[in-house]
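Subject: Structure for you to look at

Hello,

Here is the structure I said I would pass on. Please open it first and then read the notes below it.

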Amino acid sequence: MEIKTFNYLPDDAKNIRQAVFVDEQGFIEEFDDKDKDSLHIVLYENGEPAAACRVLFDDSKQCYMIGRVAVLKEYRKNHLGSLLLDTAEEYIRTKGGKLCAVSAQCRAEAFYSKSGYKAEGDMYYEEYCPHIFMKKIL
Ligand SMILES: CC(C)(COP(=O)(O)OP(=O)(O)OC[C@H]1O[C@@H](n2cnc3c(N)ncnc32)[C@H](O)[C@@H]1OP(=O)(O)O)[C@@H](O)C(=O)NCCC(=O)NCCS
């Protein structure tokens, strides 16, 4: 297991997100301007890219947001997803962040709950997919 961080969107993260969010889940507006301002985290298993997420400070919410959390299908249920969250939270702590949040797909709510995130507010839609805002005090 290797963890790499990038201050630009690397092809490895791009390919994972394309496979998971676009090809598997059908999202269209996957890549956006926030990518250029984010820290990108990629996990490698035996040298192969397996999981990725991004982290950025959200001015309007005044907290760090962890987003685009994706584990390739064949690597799921091996705690790579929770390792991504742990790594992102550690980075946020080093930046002095005390709070982080996710815009979670409702179907992934239990995954985030297991890492200590609490749902807040009403469900809303992003690209026709139900989401819920969740946050965690670090
Ligand atoms: C959601 C996702 C990131 C989880 O990654 P993962 O590596 O399989 O998750 P982990 O193995 O770290 O799971 C951690 C815990 O959450 C649980 N969990 C994981 N996915 C879950 C789900 N969809 N529903 C309920 N529980 C879940 C696991 O069973 C595990 O529990 P445990 O600690 O008691 O064993 C992965 O399934 C994925 O990439 N899905 C598609 C993209 C997506 O929906 N991303 C979320 C966008 S908001």
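**Helix α2 and the rest of the fold**

Helix α2 (residues 80-94) lies across β1, β2, β3, β4 and β5 (99-105). The angle between helix α2 and β3 is about 35 degrees. Please keep in mind that this is a predicted model.

Helix α1 (residues 11-24) lies across β2, β3 and β4 (63-71). Helix α1 runs at about 95 degrees to β3.

**The chain as a whole**

The chain has 3 helices and 7 strands. Read from the N terminus, its elements follow the order β-α-β-β-β-α-β-α-β-β. How compact is the chain for a protein of its length? Its radius of gyration is 14 Å, close to the 14 Å from the globule rule for 138 residues, so the chain is as compact as a globular protein of that length. Along the principal axes, the C-alpha atoms fill a box of roughly 40 × 35 × 30 Å.

Of the 138 residues, 28% count as buried. If you take the contacts with a separation of 6 or more, 58% of them are between residues 24 or more positions apart.

**The sheet**

In what order do the strands stand in the sheet? The 7 strands form an open sheet with the order β1-β2-β3-β4-β5-β7-β6, and the pairing is mixed. The edges are β1 (2-6) and β6 (118-126); each has a single partner strand, so one side of each is left without a neighbour in the sheet. From one strand to the next, the twist averages 25 degrees.

Strand β2 (residues 39-45) pairs with strand β3 (residues 48-58) in the antiparallel sense, over 7 bridges.

**Around the ligand**

Which residues come nearest to the ligand? Of the 18 residues around it, they are Arg 76, Gly 81, Ser 82, Ala 110 and Phe 111. The elements giving two or more residues to this shell are β4, α2, β5 and α3 (109-114). Sorted by class, the shell has 9 nonpolar, 5 polar and 4 charged residues.

Lys 34 is in the loop between α1 and β2. Is Lys 34 buried, exposed or partly exposed? Lys 34 has 14 C-beta neighbours inside 10 Å, so it counts as partly exposed; a residue needs 20 or more to be buried, and 12 or fewer to be exposed. From Val 22 to Lys 34 there are 12 residues in sequence and 17 Å in space, C-alpha to C-alpha.

Regards

Terms used. Residues are numbered from 1 along each chain as its sequence is written. This is a predicted model: local features need pLDDT of at least 70, side-chain atom pairs count only at pLDDT 80 or more; totals for chains, interfaces and linings use all residues. Two strands pair if DSSP finds at least two bridges between them. Helices (H or I, at least four residues) and strands (E, at least two) are DSSP runs, numbered from the N terminus. Axes are lines fitted to C-alpha atoms, for helices over the stretch in contact, and angles run from 0 to 180 degrees between N-to-C directions. Two residues are in contact if their C-beta atoms, placed from the backbone, lie within 7 Å. A residue is near a molecule or strand if its C-beta atom, placed from the backbone, lies within 6 Å of it. Ala, Val, Leu, Ile, Met, Phe, Trp, Tyr, Cys and Pro count as nonpolar, Asp, Glu, Lys and Arg as charged, and the others, Gly among them, as polar. The radius of gyration is taken over C-alpha atoms; the globule rule is 2.2 Å times the number of residues to the power 0.38.
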